[in-house]
Amino acid sequence: MIDASHKGKKFPAFSYTIERGKVREFLIAIGDDQSKADVERAIVPPTFPTVFAFWGGLRLEGALKEIGIELKNVLHAEQEYEYLVPIHVGDTVTGRLEVGDIYSKGGRTGQMDFIELILNYTNQQDQPVLREKSTLIVRGEGESA
Amino acid sequence: MTVYFEDVEVGSDLPELIKEPISATQLIRYSGASGDFNPIHSVPETAQAVGLDGIIAHGMLIMAFAGQLFTNWAGNGSVRQFKVRFSGMTKPGESVICRGKISEKVEENGECIVRGKLTVKGAADDSLKIKGDFAVALPTRR
């Protein structure tokens, strides 16, 4: 069981400047050969914001540890993006992570624990650009899939 | 080719997207590209130690495939909302198929918005990987 007192916990802000080469690398990794022209026009693909967090210094592994969760015991249940203002190559985005709801659900395989992570991003003009919510399932230590 | 709001019909299907089989190398490549180095996607011993029967694909890689379904159609700059639920794990060697359908057309905040529903399923066994919703803003002929 995850300690519900972590609800609303906030983590230090982190920033990431979007480089075109990183977006190109991302397209190759996802096997997308139809978005090259968009990237040359500085437009980023819809799931590229995952890079902001992991390469922008969010340190998810450490953040989860503070809540008593091991990264390797986590599975992704839901992911949601709301795009408020277009984000472009060259922009510097700043992300702020906050713990949303923490809850348990009974399933076929017994009780499962869920935690929501909310990420709000602003750009270099301090405009809100993106809202993101990730819902994670936390599996017990050594529990079978 | 530009897709215009007026040309989209509710209930119509997006062109299906069949992805190449996922390889272990692709998962390592995606780990580096995304920065998500959770070892359950790259280190078989760790995956087994946490009760999986081998490495599994990043859910976000499968969501990226789902995104290509509508970005191939409407472009990357069009997306306004994108939401998925991960239903099943995907393993190296598996190929997936992305399908989508237009569910709604609406004018909101001065934009012409088209909403749709999508799925990603295993090509071999039709197993559900992702179910999701998206919204894109399209140009108008007006």
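Visitor: In the largest nonpolar core, which residues touch the most other members?

Guide: Keep in mind that this is a predicted model. The core holds 71 residues. Helix α3 of chain B, residues 59–74, gives the most to it, with 11 residues. The residues that touch the most other members are B:Ile62, B:Phe65, B:Ala66 and B:Val136.

Visitor: What does B:Val136 touch, leaving out residues up to four places away in sequence?

Guide: B:Val136 is one of the core residues with the most contacts to other members. With those sequence neighbors set aside, its contacts are B:Phe70, B:Ala74, B:Ser78, B:Val79, B:Arg80 and B:Val114.

Visitor: Okay, on to the two chains. Which element gives the largest share of the side of chain A that touches chain B?

Guide: Here 34 residues of chain A are in contact with 37 of chain B. On the chain A side, the elements giving two or more residues are α1 (20–29), α3 (49–55) and β2 (74–83). By type, that side splits into 16 nonpolar, 10 polar and 8 charged residues. The largest share, 8 residues, comes from β2(A).

Visitor: How many bridges join β2(A) to strand β2 of chain B?

Guide: These two strands run antiparallel, with residues 79–86 making up the chain B one. One pair to look for is A:Glu78, opposite B:Arg85. The count is 5 bridges.

Visitor: And within chain A, which residue in the turn between β4(A) and β5(A) has a positive phi?

Guide: β4(A) and β5(A) pair antiparallel over 10 bridges, with A:Asn120 opposite A:Arg131. They form a hairpin with 5 residues between them. The phi is about 65 degrees, and the residue is A:Asp126.

Note on methods. Residues are numbered from 1 along each chain as its sequence is written. Chains are lettered from A and ligands numbered from 1 in the order in which they are written. This is a predicted model: local features need pLDDT of at least 70, side-chain atom pairs count only at pLDDT 80 or more; totals for chains, interfaces and linings use all residues. A nonpolar core is a set of buried Ala, Val, Leu, Ile, Met, Phe, Trp, Tyr and Cys residues joined through C-beta atoms within 7 Å. A residue is buried if 20 or more other C-beta atoms lie within 10 Å of its own, exposed if 12 or fewer, and partly exposed in between; C-beta atoms are placed from the backbone. Helices (H or I, at least four residues) and strands (E, at least two) are DSSP runs, numbered from the N terminus. Two residues are in contact if their C-beta atoms, placed from the backbone, lie within 7 Å. Ala, Val, Leu, Ile, Met, Phe, Trp, Tyr, Cys and Pro count as nonpolar, Asp, Glu, Lys and Arg as charged, and the others, Gly among them, as polar. Two strands pair if DSSP finds at least two bridges between them.
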